[in-house]
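Here is a friendly walk through one model, starting with a sheet and ending with the domains. Keep the viewer open as you read.

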Amino acid sequence: MTIQFNDETFRDDYSFHNSQRAIDRFPFPFHEDSYMYSVNMEQHQGGPADSIYEKRFDVDEHYVAEMRDRAMVLADDPLRCQSLPHMILAGWDLLELIMVSKSEDYPDLFELHRNGNKWHWINKPMGIEDHFVFMDETTLPYGPMEYITRQTQGDFCVLDQREDNLWMDAGTVTTQADWSLDFDIGMNFFEWHAPVPLAHEKGIFKRALKFLLSIQQGAPARRLNWTMTVNPLLDTSPENYHKWGVQKNTLTLENLGSKQHLRVELQTFFRLPRSNALVFPIRCYLMSFQDIVSKPKWGRRLHRVVRDLPEELATYKGFIDNRSMMLEFLARYDDGLPTSFGVWPDEQGTPALQK
Amino acid sequence: MSAPAPNSTAPKIMGAEKIKVIVSNIVPLNDLVTRFEFKRTDGTIFPTFSGGAHTMIEMQDGDLKRMNPYSLMSDPAERDTYAISVRRDDHGRGGSLFLHQKVQVGDTMTLSYPVNLFSLDLRARKHLFIAGGIGITPFMAQIKQLNAANGKWELHYSCRSPELGSYVDELTSKHPHSANVYYDDQKQFIDLHTLLDGQPIGTHLYVCGPKGMIDWVRKTAAAAGWPKAHVHHEEFLAPKPGKPFAVRLAKSGLAVEVGAHESLLEAIERLGVEPPYLCRGGACGQCETDVLESDGTFIHRDHWLEDYEHASGTKIMPCVSRFEGKTLVLDR
């Protein structure tokens with residue numbers, strides 16, 4: 001299929017918007033009417049046709065605009081992209097993984113021609129065409145990780161594996177939910193997760209690490225995570241908190257439906273073959289509350305999840321101050337009817353809102 | 001809990017993905033060691049891998065399905081062929097004998113995707129390799145990987161005799177300054193103290209070989225003040241034969257007699273129960289199993305569990321460990 005790329009912004013006038021197709025394929029993250037952490041991993045080996053799970057690296061209508069936003073963030077703050085010296089090989093691994101995946105999964109948008117180490121890459125949506133020598137950094141305008149992540153939606157953490165742990169030793173992070181690569185660089189798995197409430201006590205991170213350490217070549221995995229963002233901002237970084245944090249105070253009951261967004265991360269995990277590192281892409285999907293409640297099942301459920309979420313989590317996810325207003329808005333879309341199990345909107349079998 | 005898709009089940013790691021191959025070449029290197037080379041049956045290329053990775057080779061030996069891990073020793077950049085080198089063990093359970101005696105060029109077999117439990121630490125300024133006998137195999141791939149990237153390495157390789165020195169000629173002719181070989185029968189031994197003393201800061205030490213050698217190298221390095229994180233070893237154990245014993249699996253409600261030449265893991269798999277695994281050699285920790293009830297003696301042989309866990313009688317690694325006694329009930 002041909003994708004119509006949106007001309008839109010994630011800052012200033014916030015012209016970001018989701019088409020009906022994007023709303024239909026939004027990764028709504030709640031499979032029941034309540035939420036608590038879990039490792040919730042599954043294999044990343046395709047998914048339903050046209051869903052965000054179908055391809056290894058989903059490309060959607062926001063692609064070109066997101067890459068434009070990333071370039072602006074990197075121009076303002078080059079430390080959003082860092083790679084410790086031993087991670088170069090992993091960078092080439094990542095470049096190869098993405099180029100091979102995208103050219104196979106979207107042959108109409110991307111082409112990769114390989115003749116030994118002489119590679120030819122064409123990215124049609126961004127108008128990029130480069131000839132380079134694989135494993136020779138001097139033949140690309142950026143290091144391999146930066147080059148390819150400037151052309152791929154989502155943040156990328158490249159994790160070195162040693163001493164039975166994972167280490168945040170490289171990454172490109174411009175669309176993050178309030179964490180900083182520059183702060184976390186060089187940390188291990190437990191160190192960078194230290195701020196997360198409740199999950200340590202539940203042993204979640206020990207189990208998750210054990211699982212991640214044993215992810216093997218050819219068998220990637222995925223999970224969803226979520227938070228809340230006021231205005232469709234990709235860059236909700238601690239570095240720029242002074243710019244976006246205050247925007248949380250601009251919510252009113254009237255503008256909440258269009259300003260308040262559910263932010264869902266598709267997190268995937270791939271073993272990188274040459275370096276034995278692990279890459280952890282974090283792909284962000286934003287959807288306004290008014291678009292969510294256009295699906296009756298999602299509207300009912302979101303109200304119940306936000307209402308019943310433990311206070312620690314609502315605080316950690318940064319919406320505790322706005323929770324009562326969010327509930328006032330969402331309550332209009334919850335008539336108390338039961339919801340079906342699972343994340344899909346189930347529009348055929350779901351009754352319309354009874355109020 | 002957020003499940004991305006309905007009806008999704010948590011992924012189970014039961015070994016890595018599989019690759020169908022055809023045996024393309026068999027090269028006897030000496031009295032004990034033979035190299036086996038493989039091509040893919042579908043004619044496509046193999047996944048690239050990192051030096052130190054192993055593949056799990058499946059062998060259908062009559063009614064027995066054997067699975068043994070072997071280090072990939074071919075060039076990681078070479079995508080047409082995978083190669084392993086197998087030392088014949090006349091007193092083992094028969095996996096290496098099967099390969100040496102029954103496998104022929106043209107046979108089809110199944111390999112797993114590469115799994116690396118003995119990876120290079122790419123932060124190292126220099127890689128110092130200590131190999132004993134067949135322990136040379138992971139270093140063969142690591143050396144090729146480092147050479148392609150201008151990495152700095154030095155090898156000290158101890159063999160029984162020139163006749164049994166697998167790949168000595170290749171190593172010393174290509175790398176006369178980096179590969180050092182020692183022959184037991186000529187009373188040549190690695191002077192480890194001096195060797196460790198002379199290493200530049202940032203050197204990482206890797207050892208692969210017999211258990212005695214691994215223990216010696218790790219102890220010597222620790223005594224010389226080397227940080228634990230700079231000393232790497234790989235030792236997969238082959239499961240050892242033993243007396244047959246009975247086991248009951250509480251979760252699946254099944255019971256089985258573990259044969260003398262069968263591992264506990266293989267007996268469990270024979271029932272159709274599939275614990276996760278990666279190395280099948282007591283090192284990776286995947287198949288760790290809770291013991292619910294026991295009356296008898298455990299024969300723990302793994303490197304995974306701590307001493308206190310071995311002593312507790314509440315955990316067992318079924319890939320290499322056995323049991324002697326009346327009752328054994330596992331949480332499987």
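In chain A, seven strands form an open sheet in the order S1-S8-S9-S10-S6-S7-S2, with antiparallel pairing. At its edges are strand S1 (42-43) and strand S2 (81-83) of chain A, each pairing on one side only. Strands here are DSSP runs of E with at least two residues, helices are runs of H or I with at least four, and both are numbered from the N terminus; two strands pair if DSSP finds at least two bridges between them.

This is a predicted model: local features need pLDDT of at least 70, side-chain atom pairs count only at pLDDT 80 or more, and totals for chains, interfaces and linings use all residues. Residues are numbered from 1 along each chain as its sequence is written, while chains are lettered from A and ligands numbered from 1 in the order in which they are written.

Strands S6 and S7 of chain A run antiparallel and are joined by seven bridges. Within this pair, A:Phe156 stands opposite A:Thr172.

Now for one loop residue. A:Asp58 sits between S1 and helix H2 (63-76) of chain A. A:Asp58 counts as buried because 22 other C-beta atoms lie within 10 Å (buried means 20 or more, exposed 12 or fewer, partly exposed in between, with C-beta atoms placed from the backbone). A:Met99 is 41 residues from A:Asp58 in sequence and 13 Å away in space, C-alpha to C-alpha.

| Domain of chain B | Residues |
|---|---|
| domain 1 | 18-115 |
| domain 2 | 126-234 |
| domain 3 | 245-330 |

The C-alpha centres of domain 2 and domain 3 of chain B are 34 Å apart.

Terms used
Domains from an automatic or database assignment.
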